[in-house]
Amino acid sequence: ENERMRAYFDSLGLDTSDIWTLFKLLDVDRGSIIEFDEFVSGCLRLKGYAKGVDIAKLSYEHRWMAKRLGKFMKRTDEDEAELA
């Protein structure tokens, strides 16, 4: 069954060498479970050349970094207010 999934991903041109990243990209609602709709729409969105996966990965990492930066900025502002 694992080979069938690998063949399916290969037919779509999706790289499965980094399965954790692929899982994060397919799990759009971040529920830690990939629903059927997420799986189908995610595979169709990412299918094709590696460029599609690369762009989706960059987008995911950008959202993650922006969230962390926002938290850092809020903490810094709070710390600065305490010092004043």
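## Starting in helix H4

Arg75 sits in helix H4, a stretch that covers residues 50-83. Helices here are DSSP runs of type H or I with at least four residues, while strands are E runs of at least two, and both are numbered from the N terminus. The model you are looking at is predicted, so please note that local features need pLDDT of at least 70, that side-chain atom pairs count only at pLDDT 80 or more, and that totals for chains, interfaces and linings use all residues. Residues are numbered from 1 along each chain as its sequence is written, and side-chain values use heavy atoms, with hydrogens and water left out.

Arg75 is partly exposed, at a relative accessible area of 49%. The areas themselves come from the Shrake-Rupley method with a 1.4 Å probe, and for residues only the protein chains shown count as cover. Met73 is also found in helix H4 and is partly exposed, at 46% relative accessibility. Its C-alpha atom is 44 Å from that of Ser11, and Met73 and Ser11 are 62 residues apart in sequence.

## Patches of charge

Arg75 belongs to a positive surface patch together with Arg30, Arg45, Arg63, Lys67, Arg68 and Lys71. A patch is made of residues with over 30% relative accessible area and no salt bridge; like charges are joined within 9 Å, and nonpolar side chains (Val, Leu, Ile, Met, Phe, Trp, Tyr) within 5 Å. Lys and Arg count as positive and Asp and Glu as negative, with His and the chain ends not counted. Each charge is placed at NZ of Lys, CZ of Arg, CG of Asp or CD of Glu. Helix H4 gives the most to the positive patch, with 5 residues.

## One salt bridge

A search of the whole structure turns up 1 salt bridge, a term for a side-chain nitrogen of Lys or Arg within 4 Å of a carboxyl oxygen of Asp or Glu. Its partners are Lys57 and Asp18, whose closest N and O atoms are 3.9 Å apart. Lys57 lies in helix H4, and Asp18 in the loop between helix H1 (2-12) and H2, so the pair ties together parts that are 39 residues apart in sequence. In general, side chains of opposite charge can pair when their charged atoms come close.

Both partners are partly exposed: Lys57 has a relative accessible area of 30%, and Asp18 has 34%.

Helix H2 (residues 19-26) has Thr21, Leu22, Leu25 and Leu26 as its buried residues. They are on the same side of H2, because they cover an arc of only 135° around the axis. The arc is that of the directions from the helix axis to the C-beta atoms.

In helix H3, the buried residues are Glu38, Gly42, Cys43 and Leu46. Viewed down the axis of H3, these residues fall within an arc of 120°, so they line one face of the helix. Cys43 has a relative accessible area of 0%, and its C-alpha is 17 Å from that of Gly31, a residue 12 places away in sequence. The face turned away from the buried side of H3 carries the exposed residues Phe36, Asp37 and Leu44.

Phe36 lies in helix H3, which spans residues 36-46, and reaches 62% relative accessibility. With Val40 and Leu44, Phe36 makes a nonpolar surface patch of about 310 Å². Asp37 has 58% relative accessibility, and its C-alpha is separated by 19 Å from that of Ser11, 26 residues away along the chain.

Note on methods:
Buried < 20%, exposed > 50% of the residue type's maximum accessible area, 1.4 Å probe, protein only.
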